[in-house]
Every structure is written in structure tokens, then in C-alpha cells.
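Welcome! Let's take a friendly walk through this protein model, one region at a time.

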Amino acid sequence: MILNLDKHFSPYGTTNTIEYNYFTFSGGEPHIKIITDLKAVSEVTITHRIQSFNDLGILLLATNALKNMDIKKIKVLLPYFPAARQDRLMQTGEPLSVKVYADIINTQNYESVTIFDPHSEVAPAVLNNCKVIDNHAFIRQITQQLPDDLLLISPDGGALKKIYKVAAHLQKYEVIEGSKSRNVRTGELTGFKVYAEDLKGKDCLVVDDICDGGGTFLGLAQELKAKNAGNLYLAVSHGIFSRGFEDLEKVFTKIYTTDSFKTIAHKNCEQIKLKEILRN
């Protein structure tokens, strides 16, 4: 059976879902009570979209409740793995946040922990029994809507390995590399580059795993246009969009993402549901 802790997110469908009540005590403590009778059930899959440490707490509470009901096997789907970008120590005094989350999750001894398009190889390495869903089906669904001479654009060095794997899977599109510089102390982005002399008016699809504020993509878009790019499109597996779409939609004809982090309703953003990706 399936326990969808975010009632607006059901990547495995709504059949055989577990009913529960969730509330917060006056002292601020979250609480969950599972209503469905699970006496004949031995395995449960939990799905959740973790956007905060409190969401992680809800996952732990639900896990404990299931164990108290004698559920022997528990699997989890956490498509957006929290703190995946904090996967190395950049400055003295900072935590290795991805490992903090992973260590907590590992204590639950899940049968498997499935994540979607992780930021780097670190999260799968520190998570026990980790299964990774790549972004190939997501990008394939997008490219089917776009021109055949489309160019795939890597925004920086961190995205290179994955974008070449996508290109090898699709066996159809040329990859153009980009780069940038980041001040690790201030977070300021500078020095955007596109390693092509002339894009000859071809449409470009920028592919990355996360869009938060969008600064990377705005800086890259300026350089792409300077290299004679055609229409610009953006595909990000995990859409946070903390600064909204106003600036992004000035330069990108369309933005594509999934519902791995949150549900989005915006006219220039097409959200592909994770359930469609899981079917492929």
C-alpha cells in the first residue's frame, strides 16, 4: 500500500492509498494518526515532498507509526532530496547538510530510498539502499515538443556529466557547454560563458536539476543570445522558483519542470507529473 504524506502528490496513483489524519499540537509538535486498517499488510511505500526539516519530521513520525502497526517493509520515494546542493564543505564552520539528512534517514532502515535526478553523486553515496530515477524520460518528453535541430545546453560544469548521458540516451541532439564563476563567500555569479562561436539561430534547451532563484539561467541566457541563439527553453527537474517567473519568462519561451518539489500553476511553466515519468 501507499502512504502519500503530501495529499497533493500521488506519484504512484491513488489506488491502495492509506488514509490518515495529520495535525499540529498547540506546542508546535506535528502528529499523525493512520486510519486505514493495515493488519494484513506487510509492505508500505511512503511518498513525500520534503521542503523543510519539519517535513522530514513528519516522515519519521509516519515511519514510526507504521512500524508500531507491525509493517515489516517500508520503502520511501523522496524525489527532491533535501540539502543535496550542500554536498561539500565550502567554508569553515558550515555543516555537510546532505549527510545530516542522509544520516537521519538511514537510521530508519528503509528497504529502499528512491530519489529523482539528484544534484550530484554525493546523495546516492551517503544514502543506504538508494535508488535513483534519472532525468532521461523527463527530457525526452520535453524534446518531443521542440524542433529536431534543438541544442542541449549545459549551464555549468556540474551539469556536464548528466547532460552528456541524456544526449547519449536521446541520440539526436548536440550539446553546447556553458560555465560560470561563483563567489563561495557571497554567492555572487559572474563570468558566464558559452563555448560556441555561433549558434546560428537554433533553439536551445537549457537542462539542469534545480532552479531556485534562477540567476544561473538568466546569466546564461544573456550569453546564449549573444551567440545568436534562437528560442530559449529551460528544463529543470526540481522547480523551487523562489523568485517567481517574472524575470525568467522574459528570456525563456517556456519553462519545464516536474512536481517533485511543489505544485505549480503558471502560464509559461509546464509541469510534468512525476507519475508520468515513473511510467516510462
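Which residue follows H6 and has a positive phi? The residue is Asn 228, with phi near 70°. A word on the ground rules: this is a predicted model, where local features need pLDDT of at least 70 and side-chain atom pairs count only at pLDDT 80 or more, while totals for chains, interfaces and linings use all residues. Residues are numbered from 1 along each chain as its sequence is written, and side-chain values use heavy atoms, with hydrogens and water left out.

**Two helices**

Helices (H or I, at least four residues) and strands (E, at least two) are DSSP runs, numbered from the N terminus. The expected span of a helix is 1.5 Å times one less than its number of residues.

| Helix | Number of residues | Span between end C-alpha atoms | Expected span |
|---|---|---|---|
| H6 | twelve residues | 17 Å | 16 Å |

Buried means under 20% relative accessible area, exposed over 50%, and partly exposed in between (1.4 Å probe, protein chains only). In H1, the buried residues are Asp 55, Leu 56, Ile 58, Leu 59, Ala 62, Thr 63, Ala 65 and Leu 66. They pack against S1, S2, S3, S4, S5 and H2. Just after H1, Asp 70 has a positive phi of about 70°.

In H6, Thr 216, Phe 217, Gly 219, Leu 220, Ala 221 and Leu 224 are buried. Their cover includes strands S8, S9, S10, S11 and S12, together with helix H7.

**The cores**

A nonpolar core is a set of buried Ala, Val, Leu, Ile, Met, Phe, Trp, Tyr and Cys residues joined through side-chain atoms within 4.5 Å. The largest one has 32 residues, and Leu 3, Ile 46, Leu 59, Leu 66 and Phe 81 touch the most other members. H1 supplies the largest share of this core, six residues. A second, separate core of 25 residues includes Leu 152, Val 166, Val 175 and Tyr 233.

Contact means heavy atoms within 4.5 Å. Beyond its neighbours within four places in sequence, Ile 46 is in contact with residues including Leu 3, Leu 59, Leu 66 and Val 76.

**The lining of the largest pocket**

Which residues lie nearest the centre of the largest pocket? They are Arg 85, Arg 88, His 119, Asp 156 and Arg 182, from a lining of 45 residues. A pocket is found on a 1 Å grid over the protein atoms alone, as an open set of points where a 1.4 Å probe fits, with protein on both sides within 12 Å along at least five of seven lines; lining residues have an atom within 4 Å of a point. S11 gives the most to this lining, with four residues.
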